[in-house]
Amino acid sequence: MEREKIEERARDYVARETDAAFKAEVEKLLAAGDWKELEDRFYRDLEFGTGGLRGVIGGGYNRMNSLVVTRATQGLCDYLKKTFPGKSLSACVAYDSRRYSDVFAEMTARVFAANGVKAYLFSALRPTPELSYAIRELKADTGVVVTASHNPPKYNGYKAYWNDGSQVTPPHDTGIIDMVNAVKAPKLMPKAEAMEKGLLKVIDREIDDPYVAMVKSKLLRPALIKELGKSVKIVYTPLHGTGALHFERIMGELGLEVVTVPEQREPDGAFPTVAFPNPEETAALKLALELGAKVKADCVMATDPDADRLGIAVPDAKGDFVLITGNQLGSLHLDYILLTRKELGLMPRRPAAIRSIVTTSLQDRIAKAYGAECRECLTGFKWIAELMRKLEAEGVDFLYGTEESYGHLVEPEVRDKDGISAAALTAEMTLYWRSKGKSLLDRLDELYLEHGYFEEKGVNKYFEGPAGMDIMRGIMEAYRKDQPAGFGGIKVAEIRDVKTGRKWQAGRPEAAEKVELPASDVIQWYLEDGTVLTVRPSGTEPKIKYYILLRTEVEGGKAAGPAALAAARAASAKKAAAIEADVRKVIDR
């Protein structure tokens, strides 16, 4: 972007921003002539991705700040009024432990109030899934949670929700953005005035209590928990986020012993003990794993800062903790839910699960084994929620939804991933397999013997700033212009391009079939051996993401022993490494 345009946008921002600190940041950059930093802050506006708005906290249109938040909320209000003319509107607002989250949440509520939209604002930080639950419980028309999920401390974000408790999907997301871009001056009502007029109501226990009761009601074997609950010890970390409030309460009411990592229990937006507050990262669980080993825990659990993701680790036969991946935990959940419902006579007429297109297809095989179906959707839980709506319309019974990035949903009362309810189910599942003399790792191995060994590996590369966006765009365009013949020495058999909505056999693009998925910048290669490789730019971070999903048959199947499974693991690792090497040739050059 030309310097004159950058300066014009920067001065426009300074004139509109009401927060003195954010305004001063940009004024200082202008005075210093720091055009590289100014370009990064103004080369674009933050846009809704798979998780809404998300960006680095600071002054600028490409940053999270008061002006961007109030403009987004004003645009949301304008869109609601256009969509529901004459309706008495309401909204729920929640926030996590990040810097400025409470400030942005209150400003969001004040914008709602200034537009005549009654705002229900949580009195303190709350998990994201409770926000989704509150929208449905209070029959609100929209909702906002201020969070950047598991991103580094410099980030914050803004997730917008629709009246069914799910994040906004097309056409609402682009419709809201159009309205946001047209906003000149957001309306803002003082908090005291909004409360006096009944346009702002502070909420807490009236939602907390029914949410907790709902989570507990979704457990399938309460008698088992009552009988064996005290025999299980859980080490837990909320990673300085929102999870401890409900996690400790629910586990305590169930009679389970929870030892929370003291250094990470209190909310802190600086996340002082971790580089990334992400339960997918082994380093983030370091303190929890050390405490787990010290107290001889049966399971280590971690939720991310807004408690919508759950990661776990369990001890192996030697007592060393092994991190369970999101794909593995999702497969264990689905197996346990279906097994239990079948055993207890609780299987609905048309049971179904949902997974994202980059989540392991092991879940397809598990579902089929129990007479259920497993449907796929785009990455992002808003797409799982949208598919839930379609299942309901078809008379299909939703039982479970998951994506590989540690997102799990076990209840229809929430329309987003829920780390709290997933933790409760995981505790029950751990108890069940213990009652059978098995660990979660033992059951996972049984699933591999029955269905084949599934290996999943992610390859990511960050590309910061406007140049980074161009690089990622160039990578995707290059793939589309000249499709690879193979990866890791394995030929490509079929290509699915979700952006263009086409799927075709390698070398036969003229015979392409239509893809029944919303358009998204995703390419998938189906290799001759059944491996699936997917590439997509992230919707929430400046990085490109590859997903390697492969399956290796275990010689001997269910009757095989540890040696056969170990051989399948080794073969899978070798294959994944070869595919990654080809990917690295593109992203690391």
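**Sheets, helices and loops**

Modeller: In this predicted model, strand 10 and strand 11 pair in the antiparallel sense, over 4 bridges.

Biologist: Which residue is the bridge partner of alanine 313 in strand 11?

Modeller: The bridge partner of alanine 313 there is leucine 323.

Biologist: And how many residues lie between the strands in the hairpin of strand 10 and strand 11?

Modeller: That hairpin has 5 residues between the strands, and glycine 319 in the hairpin takes a positive phi near 90°.

Biologist: What is the order of the strands in the open sheet of 5 strands?

Modeller: The order is 8-7-9-10-11, and the pairing is mixed. Strand 8 (257–260) and strand 11 (321–324) stand at the edges; each has a single partner strand, so one side of each is left without a neighbour in the sheet. From one strand to the next, the twist averages 25°.

Biologist: How do strand 9 and strand 10 pair, parallel or antiparallel?

Modeller: Strand 9 (residues 299–303) and strand 10 (residues 310–315) are antiparallel, with 4 bridges between them. Alanine 302 has glycine 311 in strand 10 as its bridge partner.

Biologist: Which strands does helix 13 touch where it packs on the sheet?

Modeller: Helix 13 (residues 326–344) touches strand 10 and strand 11, and its direction makes about 80° with that of strand 11. Helix 17 (residues 440–451) also packs on the sheet, touching strand 10 and strand 11; the direction of helix 17 makes about 100° with that of strand 10.

Biologist: Staying with helix 13, at what angle does it pack with helix 16?

Modeller: Helix 13 and helix 16 (residues 419–435) pack at about 65°, with their axes 10 Å apart. Angles of 65 to 115 degrees count as roughly perpendicular, so helix 13 is roughly perpendicular to helix 16. The crossing in which helix 13 passes helix 16 is left-handed.

Biologist: Which residues meet in that contact of helix 13 with helix 16?

Modeller: From helix 13, the residues include Leu329, Leu332, Tyr336 and Leu339; they belong to a group that meets residues of helix 16, among them Leu425, Met429, Tyr432 and Trp433. By class, the contact has 10 nonpolar, 2 polar and 3 charged residues.

Biologist: Which residues of helix 1 and helix 3 meet?

Modeller: Arg3, Ile6, Glu7, Arg9, Ala10 and Tyr13 in helix 1 meet Trp35, Leu38, Glu39 and Phe42 in helix 3. The residues of this contact divide into 6 nonpolar, no polar and 4 charged.

Biologist: What about the open sheet of 4 strands?

Modeller: Its order is 13-12-14-15, with mixed pairing. The edge strands are strand 13 (373–377) and strand 15 (407–409), each with a single partner strand, so one side of each is left without a neighbour in the sheet. On average, neighbouring strands of this sheet are turned by 20° against each other, direction ignored.

Biologist: How many bridges join strand 12 to strand 13?

Modeller: Strand 12 (residues 351–356) is joined to strand 13 by 5 bridges, and the two run parallel. Alanine 353 has cysteine 374 in strand 13 as its bridge partner. Helix 14 (residues 362–369) packs on the sheet, touching strand 12, strand 13 and strand 14 (397–403), and its direction makes about 150° with that of strand 13.

Biologist: A change of topic: how many salt bridges are there?

Modeller: The count comes to 52 salt bridges. In one of them, the side chains of lysine 87 and aspartate 141 meet at 2.7 Å, N to O. Lysine 87 lies in the loop between helix 4 (66–83) and strand 2 (90–95), and aspartate 141 in the loop between helix 6 (128–137) and strand 4 (142–146), so the pair ties together parts that are 54 residues apart in sequence.

Biologist: Finally, where is the cis peptide bond?

Modeller: The cis peptide bond joins proline 170 and proline 171, with omega about 5°. Proline 171 is in the loop between strand 5 (155–161) and helix 7 (172–181).

Biologist: And what is the phi of tyrosine 100?

Modeller: Phi of tyrosine 100 is near 70°, a positive value in a residue other than glycine. Tyrosine 100 is found in the loop between strand 2 and helix 5 (101–114).

Notes. Residues are numbered from 1 along each chain as its sequence is written. Side-chain values use heavy atoms; hydrogens and water are left out. Contact means heavy atoms within 4.5 Å. Ala, Val, Leu, Ile, Met, Phe, Trp, Tyr, Cys and Pro count as nonpolar, Asp, Glu, Lys and Arg as charged, and the others, Gly among them, as polar. Two strands pair if DSSP finds at least two bridges between them. Axes are lines fitted to C-alpha atoms, for helices over the stretch in contact, and angles run from 0 to 180 degrees between N-to-C directions. A salt bridge is a side-chain nitrogen of Lys or Arg within 4 Å of a carboxyl oxygen of Asp or Glu. Angles under 35 degrees count as roughly parallel, over 145 as roughly antiparallel, 65 to 115 as roughly perpendicular and the rest as oblique. A crossing is left-handed if the near helix is turned anticlockwise from the far one by less than a right angle, and right-handed if clockwise.
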